[in-house]
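Here is a short walk through one protein model. Keep the sequence and the 3D view side by side as you read.

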Amino acid sequence: MSELKLPAASGGGSISIKGPSSSSSDVDLLDTSGNLKLSDNDELRLGTGDDLKFHHNGTSTYLNNNTGDLYLKCNSNDIYLQSVNDIFIRPEAGENGIKVI
């Protein structure tokens, strides 16, 4: 496996970018021991077809899932949605699309 290791600009940590060698079946990997910072209007894209995107425009933050369902899972007790004002749930199917179980 080939590896490129870069020291972080400040605050310690490092970033390693690893790729498969010609005799390995390892997949590409980005490993960081610090924060991964993106500027406003940059996107973090995941998946072969950019299926999941995180985006912040300087004012609002967006999570966009372009394929399949989106699951939020907590292996502890609770999941909290907290807002200074309102929380909106807007299913495309109307209010019948909301089920509390």
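The paragraphs below go from the overall fold to single residues.

This is a predicted model, where local features need pLDDT of at least 70, side-chain atom pairs count only at pLDDT 80 or more, and totals for chains, interfaces and linings use all residues. Residues are numbered from 1 along each chain as its sequence is written, and side-chain values use heavy atoms, with hydrogens and water left out.

Start with the overall fold. The protein has 0 helices and 6 strands. Along the sequence the pattern reads β-β-β-β-β-β. Helices (H or I, at least four residues) and strands (E, at least two) are DSSP runs, numbered from the N terminus.

Accessible areas come from the Shrake-Rupley method with a 1.4 Å probe; for residues, only the protein chains shown count as cover. Of the 101 residues, 3% are buried. Buried means under 20% relative accessible area, exposed means over 50%, and partly exposed lies in between (1.4 Å probe, protein chains only). Contacts can be counted too, a contact being heavy atoms within 4.5 Å. Among contacts between residues at least 6 apart in sequence, 1% join residues at least 24 apart.

Strand E5 (residues 52-56) pairs with strand E6 (residues 61-65) in the antiparallel sense, over 5 bridges. Two strands pair if DSSP finds at least two bridges between them. Histidine 56 stands opposite threonine 61 in E6. The hairpin of E5 and E6 has 4 residues between the strands. In its turn, glycine 58 has a positive phi of about 100 degrees.

Two other residues have a positive phi without being glycine. Asparagine 41 has a phi of about 75 degrees. Asparagine 41 sits in the loop between strand E3 (29-32) and E4. Aspartate 50 has a phi of about 55 degrees. Aspartate 50 lies in the loop between E4 and E5.

Side chains of opposite charge can pair when their charged atoms come close. The structure holds 2 salt bridges. A salt bridge is a side-chain nitrogen of Lys or Arg within 4 Å of a carboxyl oxygen of Asp or Glu. Glutamate 43 bridges to arginine 45, with the closest N and O atoms 2.7 Å apart. Aspartate 50 meets arginine 45 in a salt bridge of 3.2 Å, N to O. Shared partners join Glu43, Arg45 and Asp50 into one network. How accessible is each of them? Glutamate 43 counts as partly exposed because its relative accessible area is 31%. Arginine 45 is partly exposed at 46%. Aspartate 50 is partly exposed at 25%.

Finish with leucine 44. Leucine 44 lies in strand E4 (residues 43-46). Its relative accessibility is 31%, so leucine 44 counts as partly exposed. Leucine 44 also belongs to a nonpolar surface patch of about 810 Å². The patch is made by Leu36, Leu38, Leu44, Leu46, Phe54, Leu63, Leu70, Leu72 and Ile79. Patches are made of residues with over 30% relative accessible area and no salt bridge: like charges are joined within 9 Å, nonpolar side chains (Val, Leu, Ile, Met, Phe, Trp, Tyr) within 5 Å.
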